[in-house]
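Morning, everyone. Please look at the model on the screen while I talk.

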Amino acid sequence: MASAESDKATMAGKRKRQENGEVSKKRRKSDAGDSDKTTHTTITETIPRLEAEIQESRKHYNNIATLVDLAQKLDEDPKVAFAACEALCRTFLRLLPAGALIKRKDASEKDTTVTNWLRDRLVDYRGALVALLSNKKLAINALTLAMAMVKAEARHLTDRPEPVFPRHFFADIIAAILESPVDTLRDYFTTNFIRGYDDMRFYTFEAVATYLTQRENVDDQTRDIVFDLLLSMDDVPASSEALDKFFIEPPQKKKHPLRSIIQHKKQVQEAWLALMHLGLSKAQRKKVLGAMATTVAPWFTQPELLMDFLTDCYNTGGSTSLLALSGVFYLIQERNLDYPEFYTKLYSLLDADMLHSKHRSRFFRLLDTFLGSSHLPAVLVASFIKRLARLALNAPPSAIVAIVPWFYNLFKKHPLTTFMMHRVPRTQEERERLESEGMDDPFLPNEPDPMETRAIDSCLWEIVQLQSHYHPNVATIAKIISEQFTKQAYNMEDFLDHSYGSLMEAEMNKEVKKPPVVEFMIPKRIFTKAPPGSEESDSLLVSLWDFGSSS
């Protein structure tokens, strides 16, 4: 009995100890949670006090180091880190205008030590701000603080009369923006700074060019970001006088780079060249070529630097060559690019694929420009007319309705080519040979040189074929070549953007003036023969094809 009672007492003691242990553990966890909340609240309340003490006296400058430590704890508590960054921003925006960070030659050793220490803390604070640019919730607010610091440092970090832009700090900001996962951050920066201020655009593309040239490996995503950023710069200033929007104070010197349109263009040019040196994807090449004459080339102070890129794209073939046309012609026209084989290459682009391409209308606009000069040889123009006429035989109706009016305009500009419309035998011998043997078309379709195709000796019999086209719009418009040329010229824009859909819609909406003739007798048999001895005749389908005996 005694042993049993002692065992019960022992078990009861163990239960109490276990129960007390569980309670103490729960209490410890609860106390730890409460302490975390208390710590967070305490830190949040401490930051304004630390800032106020710094403002009161220099003896509290060590609080700056404390705030920097808090600002660098982004991974632990982003809100505390941002609150510390805000306090530091206000602190430095007071210290910088007061000259506390300016290195002076006549300063004492103690003051020099304090100044150097403050500048070191400023460097640490910059790093904390740049790190915040990768936070999805705080990135835009952090950028606002960073740009406020950029403006303050430019004005007050040195004792020079003119602002000195903090290029290194700004380069870190641009690198962080390019690498940040926050897309809205880049949109915000582009809208509010690059497009809003000329000096910000200048320094941004200077930093972008440096970023691309100093890094050995730039990932594809960053390249795409830089590409989209450069391509969005479509508003090229007209002159140096147009540079009048400055984020920082405008420079006093008239010959300052920020007041020179040439220097502004040079920064964008260097950024483009650095990106092209890294390589562009096929899709990016097409985008660049599409915007070459309007967005890319106007930013270049030396557009001839684009010659190799454009000629390589032009020689690629296919849709890439079509898109490179406008850029090559821009260099020929604006920079006197020597491209002796231009029309030979242009002639080689005329193939069946081009007439089915989605860039067809763009190509015809350029082709109209290239062949618009009245000084071109008639032999050359005739080759283009003949080749397109041959291709029109197998072209979609939407392409033919643009080709024929273009022929009309070319015949008006180049009267010597009108002999191709209707060529008759000159002598009796030629007439007799034509009647007895026929005549071969002298045109050489496989000749690559448009000056040697003998198209000028041929005739446009293809247009006569198109006048019997199954599509009524095509047949109608092809007949203008056989009528008198009373119209001065056709506006090509009225024909270039047609498609199957637009032609069908026009046909469906056309007002019917005369009802069409339709079959009014319902045939009794279509695929079978008429019974023997009956007056009924077989259908045309049965007379042409044998569908087998009916069972």
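Let's start with F407, which touches I385, L388, A389, I463 and I481, leaving out residues up to four places away in sequence. Contact here means heavy atoms within 4.5 Å. This is a predicted model: local features need pLDDT of at least 70, side-chain atom pairs count only at pLDDT 80 or more, and totals for chains, interfaces and linings use all residues. Residues are numbered from 1 along each chain as its sequence is written, and side-chain values use heavy atoms, with hydrogens and water left out.

Where does F407 belong? F407 is among the residues with the most contacts inside the largest nonpolar core, along with Y125, W272 and L388. That core has 152 residues. Helix α19, residues 397-413, supplies the largest share, 11 residues. A nonpolar core is a set of buried Ala, Val, Leu, Ile, Met, Phe, Trp, Tyr and Cys residues joined through side-chain atoms within 4.5 Å. Buried means under 20% relative accessible area, exposed over 50%, partly exposed in between, with a 1.4 Å probe and protein chains only. Helices are DSSP runs of H or I, at least four residues, and strands are runs of E, at least two, numbered from the N terminus.

Now E304. It sits in the loop between α12 (292-296) and α13 (307-314). Is E304 buried or partly exposed? It counts as partly exposed, because its relative accessibility is 31%. Beyond its neighbours within four places in sequence, E304 contacts L331 and R335.

On to R454, in the loop between α20 and α21 (461-466). Most residues other than glycine have a negative phi. R454 is not a glycine, yet its phi is positive, about 60°. At 44% relative accessibility, R454 counts as partly exposed.
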